[in-house]
Amino acid sequence: QIGTQLKANLVRSVERMKQRDGWPKLKAEAELFLQYSKKYVPEYVTEVRGAAEAAGLELEDLFPALCEEIGDPNYAYTGRCSDLIASNDVTRDGSVLVAHNNDTSVSTQENVTVIHYAVEGEPEFVAVGYGDLGISVGYNSSGISLKGNQNDSNDMRVGVPRMLLVRKILAARTSGEAIDAAILEHRASNSNHVIADANGELYRIEGSATANEPIYSLEGYHVHTNHYTSPRMRHFEYDPQQISSSIVRYNRGRRLMKNQAGQNTIKKLQEFLLDHVNHPRSICRHGNRIKTTFSIVINLNTLTMYLARGNPCEVKYNEYNLLTKE
């Protein structure tokens, strides 16, 4: 169904890759990632194969689109995001609220897509991405949410691409299963995976290809952006000179969340997501190259998502409920 509905996007993505210099090399490198994926996450390779066949494509031509780790000289620093998560300890009504701004290249905004997955043997889940098989944010019917902030590490390697880690995380029924998926041993790289559940258990997994640091929230809230905060992980930072925006957004977010402890609501988190301190490289980011292309707040207890396509200071949030599929 995904391959049928998104055929034009998938075909266009493959055509763009084939037009790049070095396509044969890129395809050959992706083949190595594919072999790891067949061994360690075969069920999701089957899913990609089904989408490829429905779109009239070869698996080996489509799979490189899932390998963020290779082929793009502008890969580092193309994605900038901000996460604000409030457990039931610090919200007004006792809900668990998950907020995220996704900052990517301006051209991706028109492709923001919501996909509802109903796969036998897994919780149903909603994923937000950019019109292909990649997933940026999601949450499932077991009350597990996943949001990822790009953390560029200096130890990327051949392995299971992190886009498939995200897919595996969203199949989890518990926080423990989600963490296991996030730190899959044979991964090619990692993100800062922010994992929350409807009980108010909040984790962020600061990861690289070869190490990880699970950080648990005792304050009742989490904030994360695009740099390593764990002293153990800092030496994996790809370029420590390129994290000033991340540092400002991180500290600004922590201040906002701390000052509203016990009073956080959906509306309040939406207000935080349109914050412009350090504009244009603010939580609500503006720019001609990188900007906030979607903004999202999720209530994990009602399984309701509020999504704004574009800068939240310019567009309104629309509601989507996993249970009613509306």
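**Strands, helices and their labels**

Q: What makes β11 mostly covered?
A: In β11, 10 of its 10 residues are buried. Buried means under 20% relative accessible area, exposed over 50%, and partly exposed in between, with a 1.4 Å probe and protein chains only. Strands (E, at least two residues) and helices (H or I, at least four) are DSSP runs, numbered from the N terminus.

Q: What kind of model is this, and how are residues numbered?
A: This is a predicted model, in which local features need pLDDT of at least 70, side-chain atom pairs count only at pLDDT 80 or more, and totals for chains, interfaces and linings use all residues. Residues are numbered from 1 along each chain as its sequence is written, and side-chain values use heavy atoms, with hydrogens and water left out.

Q: How do you know that β2 and β11 pair?
A: Two strands pair if DSSP finds at least two bridges between them. 9 bridges join β2 to β11, and the two run antiparallel.

Q: What joins β11 to β12?
A: Strand β11 (residues 290-299) and strand β12 (residues 304-309) pair in the antiparallel sense over 6 bridges. Val-297 has Tyr-306 of β12 as its bridge partner. The hairpin of β11 and β12 has 4 residues between the strands, and Leu-303 takes a positive phi near 55° there.

Q: Which strands are the edges of the open sheet?
A: The sheet has 6 strands in the order β10-β1-β2-β11-β12-β13, with antiparallel pairing. Its edge strands are β10 (221-224) and β13 (318-321), since each pairs on one side only. Neighbouring strands are turned by 15° against each other on average, direction ignored. Angles run from 0 to 180 degrees between N-to-C directions, and axes are lines fitted to C-alpha atoms, for helices over the stretch in contact.

Q: Why do the buried residues of α9 line one face?
A: The buried residues are Ile-266, Leu-269, Gln-270, Phe-272 and Leu-273. Seen down the axis of α9, they fall within an arc of 155°, so they line one face of the helix. The arc is that of the directions from the helix axis to the C-beta atoms. These residues pack against β1, β2, α8, β11 and β12.

Q: Why is Leu-256 called buried?
A: Its relative accessibility is 13%, so Leu-256 counts as buried. Leu-256 sits in helix α8. Leu-256 touches Phe-272, Asp-275 and Ile-283, not counting residues up to four places away in sequence. Contact means heavy atoms within 4.5 Å.

Q: Why are α4 and α6 called roughly perpendicular?
A: Helix α4 (residues 42-54) and helix α6 (residues 162-169) pack at about 105°, with their axes 10 Å apart. Angles of 65 to 115 degrees count as roughly perpendicular, under 35 as roughly parallel, over 145 as roughly antiparallel and the rest as oblique. α4 and α6 are therefore roughly perpendicular to each other.

Q: Why are α6 and α7 called roughly antiparallel?
A: α6 and helix α7 (residues 175-182) pack at an angle of about 170°, with their axes 8 Å apart. α6 and α7 are therefore roughly antiparallel to each other. Leu-165, Lys-168 and Ile-169 of α6 meet Ala-178, Ala-181 and Ala-182 of α7.
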